[in-house]
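This report looks at a sheet, the helices packed around it and some charged pairs. The sequence and model come first.

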Amino acid sequence: MSLRTPPATQPNAEDTDVLVRKDNALGRITLNRPKAINALSLEMVRQIQVGLDAFEDDPSIEIVLLDGAGDRGFCAGGDIVALSDSAKQGTDDARIFWTEEYVLNSRIANFAKPVVAIMDGVVMGGGIGLAGHASHRLATERLVSAMPEVGIGFSPDVGGTWLLSRQDGELGTHLALTGARIGARDAIAAGLADRIIASAAVPMLVEELATGDLEGSIDTAEEVEVEIPDGNLVESRRWINECYAHDTAEEIVAALRARNDKAAKVSALGILSKSPTSVKVALRGLREARGMASLEDALRQELRISCGFLTHPDFVEGVRAQVIDKDRKPQWAPATLGEVDDATVDRFFAALGEHDLDLDADGARNG
C-alpha cells in the first residue's frame, strides 16, 4: 500500500458553497449546499471555474471529480427562484448566470483531463449540465434525474437539447416534453449516464481515484453489488419512437392519445399540463439541436431561448406555482398548444446581438 498525503482543504470549508480539494492525483470539486440539494448560484459557477483552473494547471492532477455534499442529491438545478426574481425585476442577473453556466458546461465537456461525475440522488436541470457533459458519468441506484423545465414555463438548457437529441429515436424528446423522472437504467438508455455503481461504493471510489487509476477504480466500484431499479424507457421505446417522431406538439399528443398503451396516454396528459409555449419551444429546440455540429452551437441556441423566457409570463408563473406558492396550478398564457403560433416560437430563437454566446468548439470563450 502506497503512502498518501492527506487531501488539501479550504479554510472555513463549511462556509463555502463549493469545496475544492486536492488528493494526490485527484482534484475534487464538491457542491456544498446540501440543504438546497446543491442548487447552483452564480457564485458557485464561478467557484467551480476557479477549481478547474487550478486543476488544469497542476501537472500532478490526473483526474477531476464532481460530486455533491449531503445525502439528497448531486444537484437539483439552478436557483430558479432567483432567476424568476430577475425576470420579474427586469435585471440582467439571469442572463449573466446562464451565460457563465453555459460556458462552464462547455468547459467540462472539453476539459483536457478526465472528469468523473457521481450522479447520486437528485440530478436535474443544471445538475445535468454539470454531470451530463463529464467524460465519465457514474449513476448510482439512488439516481432521480429529469429535465423538468417545461413544467415551470421554461425549456431544457445547459446543453440538455444537445444531450437529449444525440440518441437514435425519440427518448430524449419524450423526456424533454414530459419532464419525466428517470433512474439509473433509463439515464443510460437516454444517453445521460455511462455506468452504474452502488452508492455504498462511492467512498471507496473516491479513495481509489486519488491513485490516478481511473478505469481500475471504476471497475472496482462496479463490483460492489447493488439492486438497481428497473427502467421503463427501453420497453417503451417502440411507442415513444412512433409517437414523438411527428413534427408538431399537437400531432405528438394526438398520437400518444391514440395508443392503447396506458403509459402513452399518461404522457399525453403530462405534456398537456405543461406550459404550451414551453412545449413548442422545447420541441423546436431539440429538432434544431439534432442537426447541429457541436454542443457549443446548442448552448448558443439555448441562451437565446432562455433569455426569451425572461419576457414571457409562463416562466414567472411556473416558478410561482411549482416552487414558491406550490399550489401546482399554473395559469399558462396562452393556455393551449393551438394558441401558440409559429411567430411566437420564432421569437425565442432570435439572435441576442452582443449578448449571444460566443464559444469555440473546444469550449473556449471568444472576446
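How many of the five residues of strand β7 (residues 136–140) are buried? In this predicted model, five of the five are buried, and the strand is mostly covered. The cover extends to both faces: H136, L138 and T140 are buried on one side, and R137 and A139 on the other. In a regular strand, side chains alternate between the two faces of the sheet.

**The sheet**

β7 has a parallel neighbour in strand β5 (residues 115–119), with four bridges between them. Here A139 of β7 stands opposite M119. Strand β9 (residues 195–197) also pairs with β7 in the parallel sense, over three bridges, and R195 in β9 is the bridge partner of L138.

These strands belong to an open sheet of six, in the order β1-β2-β3-β5-β7-β9, with mixed pairing. Its edge strands are β1 (18–23) and β9, each of which pairs on one side only. From one strand to the next the twist averages 25 degrees.

**Helices**

Helix α1 (residues 42–57) lies across β1, β2 and β3, and runs at about 175 degrees to β2.

In helix α11 (residues 249–258) the buried residues are A249, I252, V253, A255 and L256. They lie on the same side of α11 because they cover an arc of only 160 degrees around the axis. These buried residues pack against α6 (171–178), α10 (237–243), α12 (262–273) and α13 (276–290).

**Salt bridges**

The structure holds 25 salt bridges.

| Pair | N to O distance |
|---|---|
| E100 and R46 | 2.7 Å |
| R137 and D194 | 2.9 Å |
| R300 and D297 | 3.0 Å |

The side chains of E100 and R46 meet in a salt bridge. E100 lies in helix α3 (residues 93–109) and R46 in helix α1, so the pair ties together parts that are 54 residues apart in sequence. E100 is partly exposed at 23% relative accessible area, and R46 is partly exposed at 37%.

R137 and D194 also meet through their side chains. This pair links R137 in strand β7 with D194 in the loop between α7 (184–189) and β9, 57 residues apart. R137 counts as buried because its relative accessibility is 10%, under the 20% cut-off. D194, at 33%, is partly exposed.

R300 and D297 both lie in helix α14 (residues 295–309), three residues apart, about one turn of the helix. D297 is partly exposed at 27% relative accessibility.

R195, E215, D219 and E222 are linked in a network of salt bridges.

How values were computed
Residues numbered from 1 in each chain as written. Predicted model: local features only at pLDDT ≥ 70, side-chain atom pairs only at ≥ 80, totals over all residues. Heavy atoms only, no water. Buried < 20%, exposed > 50% of the residue type's maximum accessible area, 1.4 Å probe, protein only. Helix = DSSP H or I, 4+ residues; strand = E, 2+ residues; numbered from the N terminus. Pairing = 2+ DSSP bridges. Axes fitted to C-alpha atoms, helices over the stretch in contact; angles between N-to-C directions. Contact = heavy atoms within 4.5 Å. Arc of directions from axis to C-beta. Salt bridge = Lys/Arg side-chain N within 4 Å of Asp/Glu carboxyl O.
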